[in-house]
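Dear colleague,

Please find below the structure that I am handing over to you, together with its sequence. My findings follow directly after it.

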Amino acid sequence: MLLPAVILVTIFLLAPFLSSFRIALTNERLIPRPVPPRFVGLGNFQQILTDHDFWRALWNVARFTIMVLPVQCGFALAIALLLNSKLPFRNFFRGLFFLPAITSMVVVCVIWATLFQYPTGPFNQILGFLSFGMAEPIDWLGDPNWAMPSIVLLSAWQAYGFQMIVYLAGLQGIPETLYEAAELDGANRWQRFWNVTMPGLRQTHIFVLIITTIQAFKLFTQVNILTQGGPRGTTDTVVHYMFTAGFVDQRLGLASAVAILLFFIVLVVSIVQRFVVKDRS
Amino acid sequence: MSAISETRTPARTAAIGWDVGAIVKFVAVTVIALVVISPLFLLVVASLKPDRFQILADMGSFRAFWVSNPSLDNYRNVATFSGALPFGRYLLNSLVILFCTVLGGIFINSMAAFVLAWGRLPGRAIILTAFIALYIVPQESIVLPLLTIVNKAGLSDTFAAQILPWMASPLYIFLIYQFFIQIPRDVYDAATVDGASPFRIYWSVFLPISGPVLATVAILLGIETWNQYLWPLMVTNTDNARPISVGIASFFGHDSVYWNSAMAASVMMMAPVLIFYLAFQRWFVSSFISSAVKG
């Protein structure tokens, strides 16, 4: 009864994972050539780590993470706080706010591509309205300065629902008595938020931070569909770099080396999570 | 003025303050919700406009929220199997992949979890640890070697290539395992005394009481399967097994995007998820939470 799972996991997870370490040391191609692949040692890693484009992809992912964290988590926390208080139709609103989270990223791309439309899309209309027609319309996804922030915005919109329910669960874990005690001590709403709510959410913050970071490192779909890593490489990501190297350029060895680096990045982030969480409890 | 405010008792002020605050908050939440959900509303409205240039022209104004003469032409175009992009076919492919993956996944993962939780198997703990360790490997970092394996097995561009790799999953085995080990020992022992085989115990004792955790796995695995993009993008190269996500993405990358068809196809992709979501909303939310606390 255990066998089906063990067989499937071995063939489709363990085997490719282990073989990526072997492939990464060769110059293997995706579609095999008549010449057998050659062992190249750490050549692929050397090539990646000296490739300006790889560092740019890594930097883009870091930029994405730094931008998406406050936007997505801040909004998720704000909505969670609103939904956690006395509110008519609370469950209805929770269901409504969760809708983007179940929307497929591909569908999100279709919608947001029209919202970002240059020069007459809604975002440009709002921009024009707010600036009394002074601001020039922006080519959101085509301008090197704006492409990444635009990707950040649509990604945050798609994913905040998950953080929202995690925060809601976290908020419900804070004992009501703490708030009552704070109120007796004369703490106002603001003080209660900073001295009761925020410390009570410490674990939740760490968790949300780690999960969002790991997801950010896997950023691919929206970039692949909307910008193909452009303009001028400003939205190229680690997974997109890997996809281009391995699937488009067929350089399997090189791409496997990127995959291994990606695995170690995710591993380090996860270990940090364990460490921080254990440290607390 | 000051006399009036002095006559108010503190309790009364608090009561009024709460009422006004509650109304303000309710209005604020409603407005925020409308703004946040508006892109989805725009999608549905746009999908009813047959003229793709009209869709773009309307997007920049309040006409985006309204359709004067709704038409189902886009859906009709998109749903035909013979169109330039056969979305009826893609949708069907996606449903087949979804159904097989979720159904197979539930049984395979729960059987494995049952053995790991209750079986008398040497090395049980090692296998469990190995599963948990493998959980950390991101899908993204195995897809390329996996592609070579699938190609060698002659499975490229098939349903099997999109179903088999993702049915068994360490995360779901672990979720169900955690549920199974909470079931009291007596339940298992009582069934053993009755002479039931392990499979029989799994099938008629454990499965019937595992509704909640199996629903969680079904929802998470279902959403994950439905939204797969990177893998089917690489493993499909004809319409035979291509899922709807890759189909919709292929609208992009041309000089002019057929927004009318893209919108209708997007609604079609969203509809099944939405129907399930409306029917099982509570389950969805709690599923996502239980996927979060696995750490």
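Within chain B of this predicted model, 10 residues of domain 1 are in contact with 7 residues of domain 2. On the side of domain 1 of chain B that touches domain 2 of chain B, helix H2 (10-47) and helix H3 (52-59) of chain B each supply at least two residues. H2(B) accounts for the largest share of that side, namely 4 residues. Sorted by class, the residues of this side of domain 1 are 6 nonpolar, 1 polar and 3 charged.

As for the bounds, the domain assignment of chain B places domain 1 at 2-71 and domain 2 at 80-292. The centres of these two domains of chain B, taken over C-alpha atoms, are separated by 37 Å.

I turn next to the two chains. How many residues of chain A are in contact with chain B? The contact involves 65 residues of chain A and 67 residues of chain B. Several helices of chain A each supply at least two residues of the side that touches chain B, among them helix H1 (3-23), helix H7 (147-172) and helix H13 (252-280). Helix H4 (90-98), helix H5 (105-115) and helix H6 (122-130) of chain A also belong to this group, as do helix H11 (221-226) and helix H12 (238-248) of chain A. H1(A) gives the most to this side of chain A, with 13 residues. By class, the side of chain A that touches chain B consists of 48 nonpolar, 15 polar and 2 charged residues.

Yours sincerely,
A colleague

Methods
Residues numbered from 1 in each chain as written. Chains lettered and ligands numbered in written order. Predicted model: local features only at pLDDT ≥ 70, side-chain atom pairs only at ≥ 80, totals over all residues. Contact = placed C-beta atoms within 7 Å. Nonpolar A, V, L, I, M, F, W, Y, C, P; charged D, E, K, R; others polar. Domains from an automatic or database assignment.
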